[in-house]
Amino acid sequence: MAEAFGIVAGAVGMSAAFTACVDCFEYVQFGRHFGRDYQTDLLALNCSRIRLTRWGQAVDILNDPKMGRPDATSEQIQTVKNTLYQILVLFADSAKISQEYTTGEDLSVLSSDSMDSTFIALNNKMRELAIKRQKRSNILKITLWALYRKSEFKNLIGGISSLIDNIEKIFPAPQAQVTLVKQEATELHDRGALELVQSAAEGVGSLLQNAVKEALSGHRYLNVLVKGKAQAGDAVSSDWHGKAVGASHVYDGVVVDNDGKALIGNKYGGKDFWDD
């Protein structure tokens with residue numbers, strides 16, 4: 001049977017396959033041929049990693065075998081497991097290519113010493129968020145490997161993005177993902193970091209890119225009439241910790257009836273809006 005890093009297809013459970021996929025991001029290095037692109041490419045890889053962990057937390061993959069869908073069929077669950085395994089195969093293939101380079105070539109790799117301090121802090125924050133969601137790691141016993149060509153990176157990150165697209169279509173959990181991605185945007189703290197992530201997430205994570213764009217530009221609420229209770233924008237959860245980042249919101253023509261109640265933009269922690 002097919003193997004990736006010694007893991008046989010069908011021989012591991014769902015949570016183990018997911019954890020192994022997230023682990024793999026930790027082992028990728030970049031060769032010196034990437035130059036200054038190293039910073040943005042590493043950030044793009046971390047955007048992909050955090051996207052996978054966001055989906056995993058949204059569907060509670062480590063605890064819920066049905067991934068939030070009681071009506072999920074065994075075929076759908078197996079498809080997700082197979083897809084996670086294919087992500088492992090992509091990483092394994094890139095590691096194999098790395099090993100095929102000969103000693104006569106420049107096989108030196110870039111390190112954090114080659115990065116600007118802003119990129120270092122940002123990548124560390126995204127790594128921290130991903131690890132926190134993963135809850136456990138180090139399932140794999142493998143060594144670091146390097147990507148030496150831009151084409152190898154594009155194939156890897158493009159393949160991962162496509163496979164995550166597939167599992168999100170089967171088990172989307174849109175509301176939970178929106179809440180989590182807003183938390184990510186607020187955790188990034190400053191405008192410079194948000195702008196870097198917005199650029200790096202292009203083609204990798206549209207949900208993150210849109211959340212960052214919203215954080216940078218603020219909301220516009222025009223001609224809003226509220227009868228009863230209504231929430232529009234932000235909120236996040238009561239266990240939120242961090243800074244609020246973004247431009248000022250614009251409110252024009254917002255009307256709330258006498259018996260109405262509205263939350264229009266922001267509110268990051270504390271009592272839930274819907275709780276009286």
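Me: Is Cys47 buried or exposed?
Reply: This is a predicted model. The cut-off for a buried residue is under 20% relative accessible area. Cys47 has a relative accessibility of 1%, so Cys47 counts as buried.

Me: How many helices and strands are in the chain?
Reply: The chain has 276 residues, and 45% of them count as buried. Its count of helices is eight, and its count of strands is also eight. The answer is therefore eight helices and eight strands.

Me: What share of the contacts with a separation of 6 or more comes from residues 24 or more positions apart?
Reply: Here a contact means heavy atoms within 4.5 Å. Among contacts in the chain with a separation of 6 or more, the share from residues 24 or more positions apart is 84%.

Me: How many residues of helix α1 are buried?
Reply: Helix α1 covers residues 14-24, eleven residues in total, and is mostly covered. Its buried residues are Met14, Ala17, Phe18, Thr19, Ala20, Cys21, Val22, Asp23 and Cys24. The number of buried residues in α1 is nine.

Me: Which cysteine sulfur is nearest to that of Cys24, and how far away?
Reply: Cys24 has 0% relative accessibility and so counts as buried. A disulfide needs two cysteine sulfur atoms within 2.5 Å, and the whole structure has zero disulfides. Cys24 is accordingly in no disulfide, and the nearest cysteine sulfur belongs to Cys21, at 6.4 Å.

Me: Which residues is Ser48 in contact with, leaving aside its neighbours within four places in sequence?
Reply: Ser48 is placed in helix α2, residues 37-58. With 1% relative accessibility, Ser48 counts as buried. Once neighbours within four places in sequence are left aside, the contacts of Ser48 are Phe25, Ile157, Ile160, Ile164 and Val204.

Me: At what angle do helix α7 and helix α8 pack?
Reply: Two packed helices are described by the angle between their axes and the distance between the axes. For α7 (residues 191-200) and α8 (residues 206-217), the axes are 9 Å apart. The angle is about 145°.

Me: How do the residues of the contact of α7 with α8 divide into nonpolar, polar and charged?
Reply: The crossing of α7 and α8 is left-handed. On the α7 side the contact is made by Arg191, Leu194, Glu195, Val197 and Gln198, and on the α8 side by Leu208, Gln209, Val212, Lys213, Ala215 and Leu216. These residues divide into six nonpolar, two polar and three charged.

Me: How many residues apart in sequence are the parts that Asp116 and Arg36 tie together?
Reply: Side chains of opposite charge can pair when their charged atoms come close. The whole structure holds 14 salt bridges. One joins Asp116 and Arg36, with the closest N and O atoms 3.1 Å apart. Asp116 is in the loop between α3 and α4, and Arg36 is in the loop between β3 and α2, so the separation in sequence is 80 residues.

Me: Which helix holds Glu187, and which holds Lys125?
Reply: Glu187 is buried, with a relative accessible area of 15%, and Lys125 counts as buried at 18%. Their side chains meet in a salt bridge of 3.5 Å, N to O. The two residues are 62 apart in the chain, with Glu187 in helix α6 and Lys125 in helix α4.

Me: What is the relative accessible area of Glu184?
Reply: Arg133 forms a salt bridge with Glu184, the closest N and O atoms being 2.7 Å apart. The pair links helix α4, which holds Arg133, to helix α6, which holds Glu184, across 51 residues. Arg133 is buried, with a relative accessible area of 11%. Glu184 is also buried, and its value is 2%.

Me: Which residues do salt bridges that share partners join into one network?
Reply: A salt bridge needs its nitrogen and oxygen within 4 Å. Salt bridges with shared partners make one network, of Glu26, Arg49 and Arg127.

Me: How far apart in space are Arg32 and Arg149?
Reply: Arg32 is in the loop between β3 and α2 and is partly exposed, with a relative accessible area of 44%. Its contacts beyond four places in sequence are Asp106, Ser108, Val109 and Leu110. Arg32 and Arg149 are 117 residues apart in sequence, and their C-alpha to C-alpha distance is 9.3 Å.

Conventions
Residues numbered from 1 in each chain as written. Predicted model: local features only at pLDDT ≥ 70, side-chain atom pairs only at ≥ 80, totals over all residues. Heavy atoms only, no water. Buried < 20%, exposed > 50% of the residue type's maximum accessible area, 1.4 Å probe, protein only. Helix = DSSP H or I, 4+ residues; strand = E, 2+ residues; numbered from the N terminus. Axes fitted to C-alpha atoms, helices over the stretch in contact; angles between N-to-C directions. Left-handed = near helix turned anticlockwise from the far one by under 90°. Nonpolar A, V, L, I, M, F, W, Y, C, P; charged D, E, K, R; others polar.
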